[in-house]
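Dear colleague,

I am passing on the model we spoke of, with a short account of what was found in it. Please read the notes alongside the coordinates.

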Amino acid sequence: MIFIFVVFVIASVMLYNYFFSNAAVINRKLKKAPLKKIAAFQDGEVAKVIGKIVFVDEPLLAPLTNRECSYYNVLVEVNVSSGKSSHWKTLIEEIKATRIVIFDGEDYALINHQNLKPNIIFDKEASSGTFNDAVPILENYLNKHGEKSTGSFGLNKKMRYQEGVLEKNEQISALGKGQWQSTESLGLPFDKAQILVISATAD
């Protein structure tokens with residue numbers, strides 16, 4: 001009975017992640033959305049665009065890998081034991097962005113990250129724990145956030161670190177409502193009179 005219950009719980013979690021997680025919902029919406037070239041967008045239209053990241057501001061340095069990017073998402077978790085079970089608890093979640101601009105080969109679009117629902121892939125991972133000390137760049141990051149990789153007796157905590165970024169020339173999809181705005185009013189260094197701004201819709 002216990003085995004069946006455990007299998008049921010695992011299956012339920014997998015089913016939830018496949019259909020109802022934030023990433024699953026975003027991916028379904030992106031898949032169903034009509035794809036448009038940036039130039040074909042009408043004001044107020046909702047559609048999907050695809051383009052490559054262009055840096056328009058001083059790039060950020062991703063804290064765990066020192067990669068240049070216009071957006072990064074860092075997630076640090078610690079394994080917490082309670083009785084015979086354990087679970088991962090979020091210790092730090094940090095998201096930082098400059099202006100996100102993409103180029104589809106002909107035109108530019110600015111992704112308004114207000115109310116943005118991102119699905120950034122965590123493409124770099126690390127861990128620390130028993131007999132596995134956190135490397136200096138991870139320890140320094142923890143210290144900046146008032147945390148450390150060891151417990152009260154100097155023993156290593158079981159931790160995992162994940163980072164996802166938007167690097168230069170990385171291709172992304174964005175779904176939202178388009179609005180053409182003056183390039184000059186946005187302070188962008190392009191020779192186009194207007195640029196499309198993609199913003200989140202109500203849902």
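Residues are numbered from 1 along each chain as its sequence is written, and side-chain values use heavy atoms, with hydrogens and water left out.

The chain has an average pLDDT (the predictor's confidence in each residue, from 0 to 100) of 89, and 90% of the residues score at least 70. Over residues 5-19, however, pLDDT stays under 50, and the model has eight contacts (heavy atoms within 4.5 Å) beyond four places in sequence for them. Where pLDDT is low, the predicted coordinates should not be read in detail.

Helices (H or I, at least four residues) and strands (E, at least two) are DSSP runs, numbered from the N terminus, and two strands pair if DSSP finds at least two bridges between them. Five strands close into a barrel of mixed pairing, in the order β1-β6-β7-β11-β10, and the twist from one strand to the next averages 55° (axes are lines fitted to C-alpha atoms, for helices over the stretch in contact, and angles run from 0 to 180 degrees between N-to-C directions). Helix α2 (residues 22-32) lies across β1 and β10 (171-182), at about 65° to β10.

The structure holds two aromatic pairs (rings of Phe, Tyr and Trp, the last by its six-membered ring, with centres within 6.5 Å; planes under 30 degrees apart count as stacked, over 60 as edge-to-face and the rest as tilted). One of them, Tyr108 with Phe190, is stacked, at 3.8 Å centre to centre and 10° between the planes. Tyr108 lies in β7 (residues 108-111) and Phe190 in the loop between α4 (183-186) and β11 (194-199), 82 residues apart. Tyr108 is buried (under 20% relative accessible area; exposed is over 50%, partly exposed in between, with a 1.4 Å probe and protein chains only) because its relative accessibility is 18%, and Phe190 is buried at 17%.

Terms used
This is a predicted model: local features need pLDDT of at least 70, side-chain atom pairs count only at pLDDT 80 or more; totals for chains, interfaces and linings use all residues.
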